[in-house]
Amino acid sequence: MHNIVNVTDKVYWIGANDRKTERFENYMPLPMGVAYNSYVLVDEKTCLIDTVEFGVEGLFMEKLEEALDGRDLDYIIVNHMEPDHSGALRDVMKKYPNAQIVGNNKTFPMIKAFFHDADESKFFVIKEGDILDLGHHKLTFAMVPMVHWPESMVTYDTTEKILFSNDAFGSFGALNGGIFDDEVNFDHYEDEMRRYYSNIVGKYGMQVQNAIKKLGGLEIKYICPSHGILWRSDVAKVIRHFDYWSRLEPEAEGVVIVYGSMYGNTAKMANAIATELGKQGIKEVKVYDASKTDHSFIISDIWKYKGLIIGSCSHNNAVYPKVQPLLHKLQNYTLKNRYLGIFGNMMWSGGGVRGIEAFSDALNGLEVIADPVEAKGNPTKEDYEKLELIAQRMAEKLKEDRA
Ligand SMILES: Cc1cc2nc3c(=O)[nH]c(=O)nc-3n(C[C@H](O)[C@H](O)[C@H](O)COP(=O)(O)O)c2cc1C
């Protein structure tokens, strides 16, 4: 079979790699592509778990046909109706009209909303704990609402201990070669996994925690997510990552400095803070111009590091327009457990620093570690001293945490 990979003897990965789509959800860049994972179980009954995004359904349909090897399809399990997994569902329903569509009571209104002509007589509603008997494989289901849609659920194969985990434990990045954790260098995937988590599931940390607790009692030999690499050698590792990301616990000592600047004064201030952090012995300092770097990468590093320093010039009595959306997303995702430094630039009555302070006040979990610094135009010697103080206080706090 071409381009089809065995997960176990009769369980196949038939996903599609997409290196063509520019942006996920039409806003996050995909420099390493993305994989839409789909699985087929060939047993006394045949069963498909999820499909793929529009645009790659051609290859997917070929693979599905090849994996079925002339057999009809009995079940299509819909773990998630987001179009990156249900895009090809209509094609599959048309090609295999006998297949029963398996989902929960929140799944089917979404199917009808996306595909008005879906055949309701084929809808097969399951609830948590029900068993779908394929013969050798007995599948069961657990609801994981808002990880990251209301209808999200996972499917667990009680026979071979495979968790088809939906978007939980997923990642950006197309699968290049090996598809299992022990076949690839995880370092190549880790940043893309964090970027996926923080930007897509990041708002739903509590729901991810609930899901981890709920699934904690299962014996899991394989995790087969709907994006990215599959896990079989070190299942605990991916659960550990999603555990601290969902608790918003930073994983490394370091600082993200992100700023917005039209004419370079705020940028100068950012560089002064970064230089002092280096002098203070902080090795991981990431400086981002919010106008240039896509915010999904900045958010991923904010998830990684404990220190965050935000700067903005003043723009029409507010935060600079290229910084504001970042603050909006972090506020929407209720960022916490971070040390925060604030700086900015102005010329008449300010707005940048004031806006960042309002953002910080709106969130409970950010500890402002020094007085905000607001310079007027070209920073003065006194301004630089105050900026260095932010860096020094940040370094002190991070070093205290080492103990
Ligand atoms: C379109 C525009 C709007 C501005 N709005 C404000 C403002 O509301 N309040 C203020 O104090 N300065 C305002 N300024 C002045 C800039 O904030 C100031 O020149 C600052 O030094 C710019 O920092 P930068 O060099 O990092 O871009 C504005 C400047 C421009 C070009």
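1. In this predicted model, helix α12 covers residues 381-402, 22 residues in total. The distance from its first C-alpha to its last is 32 Å, close to the 32 Å expected at 1.5 Å a residue.

2. Seven positions of α12 are listed as buried: D383, L387, I390, A391, M394, A395 and L398. Viewed down the helix axis, these buried residues fall within an arc of 125°, so they line one face of α12. An α-helix has 3.6 residues a turn, so residues three or four places apart point the same way. On the other side of α12, the exposed residues are K381, E382, E385 and E400.

3. What do the buried residues of α12 pack against? Their partners are the strands β17 (252-260), β19 (305-315), β21 (338-346) and β23 (373-376), together with helix α8 (265-279).

4. Around the ligand there are 19 residues, of which M262, N265, T266, C313 and M346 come nearest. The elements giving two or more residues to this shell are α8, β19 and β21. The largest share, 3 residues, is from β19. By residue class, the shell around the ligand has 6 nonpolar and 13 polar residues, and no charged ones.

5. The domain assignment of the chain places domain 1 at 5-246 and domain 2 at 255-398. Their C-alpha centres are 38 Å apart. How many residues of each domain are in contact with the other? Domain 1 has 10 residues in contact with 9 residues of domain 2.

6. On the side of domain 1 that touches domain 2, β5 (28-29) and α5 (187-201) are the elements that give two or more residues. Of these, α5 gives the most, with 5 residues. The residues on this side of domain 1 divide into 3 nonpolar, 3 polar and 4 charged.

7. W231 is found in the loop between β16 (222-225) and α7 (235-246).

8. Leaving aside neighbours within four places in sequence, the contacts of W231 are F169, D181, Y222, I223 and V238. L327 is 96 residues from W231 along the chain, and the C-alpha atoms of W231 and L327 are separated by 34 Å.

Methods. Residues numbered from 1 in each chain as written. Predicted model: local features only at pLDDT ≥ 70, side-chain atom pairs only at ≥ 80, totals over all residues. Helix = DSSP H or I, 4+ residues; strand = E, 2+ residues; numbered from the N terminus. Expected span 1.5 Å × (residues − 1). Buried ≥ 20, exposed ≤ 12 C-beta atoms within 10 Å, placed from the backbone. Arc of directions from axis to C-beta. Contact = placed C-beta atoms within 7 Å. Near = placed C-beta within 6 Å. Nonpolar A, V, L, I, M, F, W, Y, C, P; charged D, E, K, R; others polar. Domains from an automatic or database assignment.
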